[in-house]
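Please open the model in a viewer and keep the selection panel at hand.

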Amino acid sequence: MLRDATPADFPAILELNQAFVSVLSPLDHARLARLHAQAALHRVIEQEGRVEAFLLVLREGADYDSPNYRWFAQRHARFLYVDRIVVAGTTQARGAGSALYRDLLAQAAREAVPLIACEFDIEPPNPASARFHAGFGFREAGRQALDGGRKTVSLQLLDVTINPPGATAMSTDAPYPIGTPGTPWGAAEVAAWSARQTRQRSYEADVLRAIESLRTRFDVQQYGLIEYAPDSYPLFAISSRPWRDELPVVLVTGGVHGYETSGVHGALQFVDQHAARYAGRANLVIAPCVSPWAYERIHRWNADALDPNRSFRDDSPAQESAALMRLIAPWRERVLVHVDLHETTDTDESEFRPALAARDGVAHAPGEIPDGFYLVDDSEHPQPAFQQAIIAAVAQVTHIAPADASGEIIGSPMVAPGVIRYPLKQLGLCAGITDARYTTTTEVYPDSPRATPEQCNAAQVTAVCAAIDFALDQSGEDAAF
Ligand SMILES: [Zn+2]
């Protein structure tokens, strides 16, 4: 919960300040009370009764002896000065900081203040703070040495009249390097973008070889050929042998977004380690790498700058999506469960969303990347018990994403622990390609300091097993009625 600070919060605020005093200035009760009385904005984020973060902001004209505050006061007539922002080192650190700054931007708009001022240490460096402020569009306005030269700060300004919140790209200092801001890309921009993407890893070595090694135990079928001259990529699906028409079908898809590595390797690992135990209970079909061009370039889109995961529609313009839809067409009605394996990464915010905004000629509004695993259910046909069974299983392997300060994950309300919902078919998402009763999209967070690549693969494998186990158990019960 984001709310105004009160004197009752002072002990918790002083404790947070003390924990981060090396990058802040010391604070005692009397000094905090004086700042609080003069504050233009003094906000806290409270989680489960604990103050996890606070933000203290002053306007010009305050009686304050901070040399950084004085620096701005000598140069600018109207500003909001971030005296300090502290976020406890919890899983929500990133989200809480952004939530407080969005609140600050709203305050600037309400008071029609043109400038937001703050500083961070550059000697010794504080790269997390530098990145955070750059993400909001702050720029250096000056530097000064403090403590007799023992540290140097970068004095930062955000001009909210040039860069109004939510109206222009704020997550990068420069506009996206391709196209004209506000104008959707045409063929030339798409070609320029595609030419910049370089091959960084091998589909053949990483994926096709692993598929080859499964041929002794499973059927392997080529279901398409992706062609971006001079490159071409055969698409493969792995399925149960023998196929039995009377059994339900289980579909697992990975690499719809090529850069989401654990989706590809998790799918292959599932086949290798667990697929055999479903023999006689279900026909499994695994398409481990739906978008191989993007796998090699560690990108989200295909070579035409199309997102395959918005393109699962009739007459799809994305070859990758069209091929998968052709693969499943013969047994589409008999799919009981479909698990589509994804990741949510820091590059979503730093690269892919700015690229998307540039491609479509719209503004990029910064968002938050959740720290942890979550699932996307179908808002048209939700299956809450199914989703929770998966969350419970994956929680044994890796941490589940908490909601942010607004109760959301990635901009959607968290409807149950670690679960959000999208209208899958309407959005053209892969998880909506069948009429399966049970469907989910996994979102592993690989950039967490707490998650290794092995853990990310294991989280995908665990999610697939839990999904199939739940679906087969339920359909068994249904049959007994
Ligand atoms: Zn994805």
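Select β11 and display its side chains: N283, V285 and A287 point one way, L284 and I286 point the other way, and all are buried (20 or more other C-beta atoms within 10 Å of the residue's own, with C-beta atoms placed from the backbone). In a regular strand, side chains alternate between the two faces of the sheet. Because five of the five residues of β11 (residues 283–287) are buried, the strand is largely enclosed by the rest of the structure. Strands (E, at least two residues) and helices (H or I, at least four) are DSSP runs, numbered from the N terminus.

The model is predicted; local features need pLDDT of at least 70 and side-chain atom pairs pLDDT 80 or more, whereas totals for chains, interfaces and linings use all residues. Residues are numbered from 1 along each chain as its sequence is written.

Then select strand β9 (residues 231–239), which pairs with β11 in the antiparallel sense over two bridges. S239 stands opposite V285 in β11.

Now show helix α8 (residues 261–274): together with β10 and β11 it makes a right-handed β-α-β unit (with the strands pointing away from the viewer, the path from the first strand over the helix to the second runs clockwise).

Finally, display the entire protein, which has 13 helices and 17 strands. Its C-alpha trace spans about 80 × 55 × 40 Å along the principal axes. Of its 481 residues, 45% count as buried.

Methods. A residue is buried if 20 or more other C-beta atoms lie within 10 Å of its own, exposed if 12 or fewer, and partly exposed in between; C-beta atoms are placed from the backbone. Two strands pair if DSSP finds at least two bridges between them.
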